[in-house]
Amino acid sequence: MAGRGKLIAVMGDEDTVTGFLLGGIGELDKHRRPNFLVVEKETSLAEIEETFRGFLAREDVGMILISQALAEQIRPAVAAHARALPAVLEIPSKDHPYDPARDSVLRRARGLFAPDELPIEPPGLPNPSRDTPKSLSDPL
């Protein structure tokens, strides 16, 4: 892997994974193992968890994107991952919107900071209550 960056692995339903593959993240490693898993109705829970653990063990994977609905099915394995790399991010899917209350990584991050230390808004985005001029001649 000298001179190359880390891969993004993705696990989810066909539409979610296909979108990322069309974006160019699909690769095979030297053992011809893909960095993605399309989960269908027939996919067993054991295969899902085995693939997740396999992505965690791969040195060429720097981030794992997993649909939140899928992460719920293997929550103990997702919650047990404590290393910085690969980073595990739970993402929404077509049929299941993202629920921050169920995201184990976000819950863990919230536990690291006091509530007043967390930003209220993302940096760099305008805040209408703060950034709206009083009149048209006032600068922002």
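Q: Which residues touch the most other members in the largest nonpolar core?
A: In this predicted model, they are Met 11, Ile 48, Phe 52, Ile 64, Ile 66 and Val 88, within a core of 17 residues.

Q: And which elements give two or more residues to this core?
A: Strands S1 and S3 do, together with helices H2, H3 (68–73) and H4. The largest share, four residues, comes from H2.

Q: What lies apart from that core?
A: Another core of five residues lies apart from it, and its members include Val 10, Val 17, Leu 65 and Ile 91.

Q: Stepping back, how many helices and strands does the protein have?
A: There are six helices and four strands. From the N terminus on, the elements follow the pattern β-α-β-α-β-α-α-β-α-α.

Q: In what order do the strands form the sheet?
A: The order is S2-S1-S3-S4, in an open sheet of four strands with parallel pairing. S2 and S4 stand at the edges with a single partner strand each, so one side of each has no neighbour in the sheet. From one strand to the next, the twist averages 20 degrees.

Q: Which helix packs on the sheet?
A: Helix H2 (residues 45–57) packs on it and touches S1, S2, S3 and S4. The direction of H2 makes about 170 degrees with that of S1.

Q: Let us look at S1. Is that strand mostly covered or uncovered?
A: S1, which spans residues 7–12, is mostly covered, with five of its six residues buried.

Q: How many bridges pair S1 with S3?
A: Five bridges pair S1 with S3 (residues 61–67), in the parallel sense. Leu 7 has Val 61 as its bridge partner in S3.

Q: And how many bridges pair S1 with S2?
A: Three bridges join S1 and S2 (residues 36–38), again as a parallel pair. Here the bridge partner of Val 10 is Phe 36 in S2. S1 and S2 also belong to a right-handed β-α-β unit, with helix H1 (residues 14–22) as its helix.

Q: What about S3 and S4, how many bridges join them?
A: S3 and S4 run parallel and are joined by five bridges. Met 63 stands opposite Ala 87 in S4.

Q: Changing topic: which residues are joined by a cis peptide bond?
A: Leu 85 and Pro 86 are, with omega at about -5 degrees. Pro 86 is located in the loop between helix H4 (75–80) and strand S4 (87–91).

Q: Which residue has a positive phi although it is not a glycine?
A: That is Arg 32, whose phi is about 65 degrees. Most residues other than glycine have a negative phi, and most peptide bonds are trans.

Q: Where does Arg 32 lie, and is it buried or exposed?
A: Arg 32 lies in the loop between H1 and S2. Its relative accessibility is 64%, so Arg 32 counts as exposed, given that exposed means over 50%.

Q: What share of the residues of the protein count as buried?
A: Of the 140 residues, 31% count as buried.

Q: And which contacts join residues at least 24 apart?
A: Among contacts between residues at least 6 apart in sequence, 61% join residues at least 24 apart.

Q: Finally, what is the mean pLDDT of the protein?
A: The mean pLDDT is 80, and 72% of the residues reach 70 or more.

Definitions and conventions: Residues are numbered from 1 along each chain as its sequence is written. This is a predicted model: local features need pLDDT of at least 70, side-chain atom pairs count only at pLDDT 80 or more; totals for chains, interfaces and linings use all residues. Side-chain values use heavy atoms; hydrogens and water are left out. Buried means under 20% relative accessible area, exposed over 50%, partly exposed in between (1.4 Å probe, protein chains only). Two strands pair if DSSP finds at least two bridges between them. A crossover is right-handed if, with the strands pointing away from the viewer, the path from the first strand over the helix to the second runs clockwise. Axes are lines fitted to C-alpha atoms, for helices over the stretch in contact, and angles run from 0 to 180 degrees between N-to-C directions. Contact means heavy atoms within 4.5 Å. A nonpolar core is a set of buried Ala, Val, Leu, Ile, Met, Phe, Trp, Tyr and Cys residues joined through side-chain atoms within 4.5 Å. pLDDT is the predictor's confidence in each residue, from 0 to 100.
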